[in-house]
Amino acid sequence: MKRKLIEYKMKFVLGAVFLVILVLLARVSYLQLVQTEEYRTLARNNYIRIAPVFAPRGEIFDRNGEKIVTNRPIYTVSINDLNLEGTTYHLYLNRTGADIVDMADTLAWILAGDEETLLYFEQISGETLQDYAKKNGVTIKQGEDSGNAGANDEQLYVLKKKFIEEKIKERARDNKNQLEQGQRLEIAVVYNPSTMATLNRYDLESYGVTVEKKADVLSTLVQMLLNKGVYQGQTAYEIESRMRKEIRDKKLYRPYEPVLVAEDIPPEMVVALREKQMELPGVVVDIQPVRDYPYGDLLTHVLGYVQNIKKEQYEAHKDEGYLMNDLYGQNGLELVYEKYLRGEHGARQVEVDASGRPVRDLGLKPAVPGNDLVLTIDLDLQLAAEKALADGVKRAQGAGFKLARAGAAVVMDVRTGAILAMASYPTYHPGIFTGGLTSAEWQELQESGALLNRAIAATYPPGSTFKMVTSAAILEKKIVDPEYKMPDPGYYRLGRGVFRDWKPGGHGSVDLRKALEVSCDTYFYQFGRMAGVDAIAHFAREFGLGQKTGINLPGEMRGTLPTPEWKYEMVKSMLIRYNKDFARVRELNRMIDETQSESRKQELRRLRDEELEKQLKKHEWDLNWQQYETINMSIGQGDNTYTPLQLVSYVAAIANGGTLYKPYLVEKVVSPHGALIKEFKPEIRHKVDIDPENLQIIREGMHRVTLPPTGTASGVFYGFKHSAAAKTGTAEVIDANGRKKGNHALFVTFAPYEKPEVAVAVVLEYGDSGSGYAGPIARQILEAYFNDSGATDIDKSKDRAGGDAAAGREEEPAGRETGVVAINWPGLEKHQDGEAGLNEPGGTSFDQMLWEKLHEMPAATRPVTGPSVPAPLPRAGRQAQQQPAPAPQQHQPAPAPQQPQQAPAQQQQPASEPRPQPAPVPQPPPVNAPQAGQPASPQQQPAPGAHLPAQPEGGSNG
């Protein structure tokens with residue numbers, strides 16, 4: 001019996017042993033047969049490293065093959081160990097007790113201000129602050145949990161404190177047995193030394209809390225780099241904090257990629273790191289290509305810059321082979337042509353020893369460089385444009401215009417739309433982004449405005465450079481014969497309002513060409529108003545103004561082309577948002593957003609619409625387009641704002657006969673071996689709908705701007721070896737309080753006049769006048785384009801010809817830049833007795849004005865648009881039918897004539913009863929008047945080398 005029992009037990013034991021052996025064999029078989037590759041990979045990773053070989057980006061060349069952007073190798077430092085934290089302060093609780101609540105409350109108030117510590121509590125608890133807030137019925141807006149709470153800072157801080165306090169209490173409660181057995185418990189980790197300094201002010205030991213400082217390889221590495229001056233203006237905590245953030249991201253997205261710690265370290269730092277390799281396991285020194293700029297900050301705003309790929313960029317392109325430490329275009333052409341410029345990374349397989357030191361190379365997959373860009377930019381011309389712009393700023397500041405600190409210049413081939421140069425000032429060196437920026441450096445860049453590409457992303461009132469658009473509207477609408485010479489008294493009356501010309505006393509007899517030549521405001525006031533806002537806006541659109549050009553650069557602005565519809569919607573929006581009369585509308589909108597019931601929403605919308613209509617009727621004058629705005633618009637003031645690129649495109653279209661090209665900067669994309677990848681050809685955006693004869697008249701007027709003795713840019717072009725056409729502009733700038741800040745200076749030109757090749761647009765912020773300070777910049781650029789040697793000293797040209805106009809002493813523009821319409825509109829003067837002017841509430845009705853009466857007159861009395869030129873009425877007739885001009889204000893530069901002289905089309909009718917006027921007697925134009933399509937007479941063109949008389953005071957207005 002006993003033996004059988006023993007045998008039974010033996011069989012049971014043998015069966016159990018056999019079963020264990022069977023399980024072990026199955027497990028070993030599974031490991032050997034199924035998981036072989038997995039464990040082989042893990043084992044190999046202990047001694048084999050896969051180091052990426054970064055591909056150099058494609059290079060960038062100018063149109064002539066000159067290299068503008070290239071690459072250079074730099075040393076980088078990375079870490080492979082994603083468990084490193086740097087310097088940390090660990091808080092341990094050594095006992096349990098009744099004071100746990102007080103301890104948690106005290107610590108939480110302090111730790112709530114440390115964002116990294118907050119992340120620690122989120123990680124150990126598995127609950128985010130947003131989840132905790134939602135559980136407690138609190139809504140956190142996007143970004144508030146990262147310290148950007150705005151007006152809710154205090155409430156958010158309290159929420160963080162409660163979150164941390166609860167987590168400390170939970171941790172102490174869940175580990176009570178551990179504490180009772182005398183084992184310490186980690187309750188928090190502090191990263192910020194300033195937070196730790198605050199904690200040290202408290203008697204933490206009285207709560208049973210001790211602090212232990214820890215440091216690892218990351219701490220040692222960062223301190224070495226700091227001692228060698230690799231990091232400038234940063235503390236060890238700031239650097240380590242950034243590394244910890246990258247490590248967290250890497251663990252989540254790419255756990256096998258190293259974390260970049262520093263770039264472009266000096267060779268002596270490389271030697272020091274190699275010497276201490278045993279003390280720095282996981283630290284990798286590698287070589288990586290980065291952008292190099294042989295010409296410094298040349299063409300920066302066009303080229304853009306590269307920087308380590310951002311998180312959102314990586315998420316969007318991680319399937320395209322990007323690494324977390326990759327360089328990625330952040331602006332300009334670097335961003336637009338990223339897919340062409342980036343290369344294909346290679347890899348190097350390296351065997352390492354137990355300390356992570358390389359032993360031997362096991363294999364190499366070479367990197368493939370990116371494709372090259374060939375630009376339309378001419379390097380020499382770009383250098384000249386940037387220098388001219390910088391010189392122009394210095395000249396303006398030296399003359400006392402201290403606000404003249406920025407500007408832009410664009411050069412375009414009028415035959416193709418190719419951009420030959422694009423300059424924006426101030427600028428910056430794109431290489432500053434390679435190693436990262438400190439907060440102080442970033443703040444300085446922001447405040448200087450250097451990051452803004454003013455050529456495409458800043459909009460300016462065009463001033464008198466807009467007058468070619470108004471000319472097109474006048475000519476195409478046949479408002480007046482271009483040969484008709486109107487008498488210019490130096491001002492224009494609109495009811496009781498007076499709009500002044502920049503030149504006191506006026507310009508004498510002025511036709512359209514002369515109006516462009518001398519920039520006569522009065523001419524464009526009168527006939528621009530007759531053409532109307534719709535016609536002016538139509539031809540502005542025809543020339544591409546107020547529209548994006550479609551250039552292959554990010555950040556292009558559209559600008560503003562004001563129209564009655566635009567004004568109505570803009571003012572309506574402003575009234576609803578800010579005006580006290582619309583408080584009920586705002587309240588109803590809020591109620592609509594908060595209401596869930598659809599029927600209730602419909603009822604609230606009905607009430608809102610009724611209230612809105614009621615209030616809008618009270619503000620009809622503010623909402624509707626007024627005649628003074630057409631007058632302002634006719635000379636490029638008011639709400640017109642356009643980019644320098646739009647201006648140069650518009651002028652190029654005038655020069656080439658009406659073809660509006662799409663501007664482009666890249667001529668072709670070429671592989672590293674020279675093969676053509678992609679080529680870009682001229683692209684026509686639009687054909688301007690304008691009679692070629694009318695366009696020729698405009699070109700003639702622009703050409704006369706450059707000719708002595710009265711052309712507003714004659715001084716700018718004195719001694720210039722080529723013919724040209726131009727237009728000056730001076731745009732008044734008003735601040736938010738309605739006070740004048742200064743004038744922007746503008747200048748547009750094309751050359752040669754007879755067979756145009758190139759157009760230039762220049763804007764100099766607060767540069768006082770177009771001819772005085774923007775014009776010389778354009779002159780320098782044109783000389784560089786034509787490669788003129790021994791060019792005339794532009795600064796001295798005003799002493800030889802052109803008088804004060806050439807020197808830039810243009811008068812203030814009569815219009816003003818306006819936002820929401822005000823009663824004291826631009827250019828309006830009141831009577832000394834304080835009576836209201838036209839369209840002002842309580843003022844003279846617009847129906848009394850001549851413009852409306854013209855539509856009631858027989859056709860014979862309307863402006864003549866045929867080939868004959870209407871003769872002015874005899875002086876007695878004019879005196880009998882016009883009201884005297886209002887007495888001039890004391891501050892005006894010159895008094896207006898007591899008897900304003902106007903063209904027959906503008907004769908004032910008695911307010912009570914309009915009477916038809918007799919038709920004017922047609923008379924032939926004066927013998928010396930230039931005919932349409934003909935150049936100026938020999939008397940207006942001095943012989944080459946002739947001494948030029950001083951020009952009367954004048955210049956462009958805008």
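Me: In which loop is the place of Pro426?
Reply: This is a predicted model. A cis peptide bond joins Tyr425 and Pro426, with omega about 5°. The strand β15 covers 419–425 and the helix α17 covers 439–448, and Pro426 is placed in the loop between β15 and α17.

Me: How many helices and strands does the chain have?
Reply: Of the 958 residues of the chain, 52% count as buried. Among contacts with a separation of 6 or more, 75% are accounted for by residues 24 or more positions apart. The secondary structure of the chain comes to 34 helices and 28 strands.

Me: Which residues of the largest nonpolar core touch the most other members?
Reply: In soluble globular proteins, nonpolar side chains tend to be buried together. The largest nonpolar core here has 98 residues. Those that touch the most other members are Leu375, Met422 and Tyr523.

Me: How many residues are in the second, separate core?
Reply: The second core is separate and includes Ala108, Ala172, Leu179 and Leu185. Its residues number 35.

Me: With which residues is Leu375 in contact, leaving aside its neighbours within four places in sequence?
Reply: Leu375 is one of the residues that touch the most other members of the largest core. Its contacts beyond four places in sequence include Ile60, Phe61, Asp62, Arg63 and Ile68.

Me: Why is helix α22 described as largely enclosed by the rest of the structure?
Reply: The buried residues of α22 are Val533, Ala535, Ile536, Ala537, Phe539, Ala540 and Glu542. What covers them includes α19 (467–476), α21 (521–531), α23, α27, β20 and β23 (684–687). Helix α22 is largely enclosed because its buried residues are seven of ten.

Me: Which residue with a positive phi follows α22?
Reply: The phi in question is near 85°. The residue that follows α22 with this value is Gly544.

Me: Against which helices do the buried residues of α23 pack?
Reply: Helix α23 (residues 564–578) has 15 residues and reaches 21 Å from its first C-alpha to its last, close to the 21 Å expected. Its buried residues are Lys567, Met570, Val571, Leu575 and Ile576. These pack against α24 (583–594), α25 (598–618), α26 (620–623) and α27 (627–634).

Me: Is Asp286 buried or exposed?
Reply: Asp286 is found in strand β8. Not counting residues up to four places away in sequence, Asp286 touches Ala51, Pro52, Ile74, Tyr75, Thr76 and Arg348. The cut-off for burial is under 20% relative accessible area. At 17%, Asp286 is therefore buried.

Me: Which strand gives the largest share of the lining of the second largest cavity?
Reply: The second largest cavity holds about 120 Å³ of space. Of its 15 lining residues, Ala55, Arg57, Asp326, Leu327 and His345 lie nearest its centre. The lining divides into seven nonpolar, four polar and four charged residues. The largest share, four residues, comes from the strand at residues 283–292, β8.

Me: What is the relative accessibility of Asp264?
Reply: Asp264 is found in the loop between β7 (259–263) and α11 (267–275). Its phi is positive, about 55°, although it is not a glycine. Asp264 counts as partly exposed, and its relative accessibility is 38%.

Me: How far apart in space are Gly657 and Glu693, C-alpha to C-alpha?
Reply: Gly657 lies in the loop between α28 and β20 (659–661). Leaving aside neighbours within four places in sequence, Gly657 is in contact with Leu695 and Arg699. Gly657 and Glu693 are 36 residues apart in sequence, and their separation in space is 9.8 Å.

Terms used
Residues are numbered from 1 along each chain as its sequence is written. This is a predicted model: local features need pLDDT of at least 70, side-chain atom pairs count only at pLDDT 80 or more; totals for chains, interfaces and linings use all residues. Side-chain values use heavy atoms; hydrogens and water are left out. Helices (H or I, at least four residues) and strands (E, at least two) are DSSP runs, numbered from the N terminus. The expected span of a helix is 1.5 Å times one less than its number of residues. Buried means under 20% relative accessible area, exposed over 50%, partly exposed in between (1.4 Å probe, protein chains only). Contact means heavy atoms within 4.5 Å. A nonpolar core is a set of buried Ala, Val, Leu, Ile, Met, Phe, Trp, Tyr and Cys residues joined through side-chain atoms within 4.5 Å. On a 1 Å grid over the protein atoms alone, a cavity is a set of points where a 1.4 Å probe fits but cannot get out, and a pocket is an open set with protein on both sides within 12 Å along at least five of seven lines; lining residues have an atom within 4 Å of a point. Grid points are joined across faces, edges and corners, and a volume is the space filled by probe spheres set on the points. Ala, Val, Leu, Ile, Met, Phe, Trp, Tyr, Cys and Pro count as nonpolar, Asp, Glu, Lys and Arg as charged, and the others, Gly among them, as polar.
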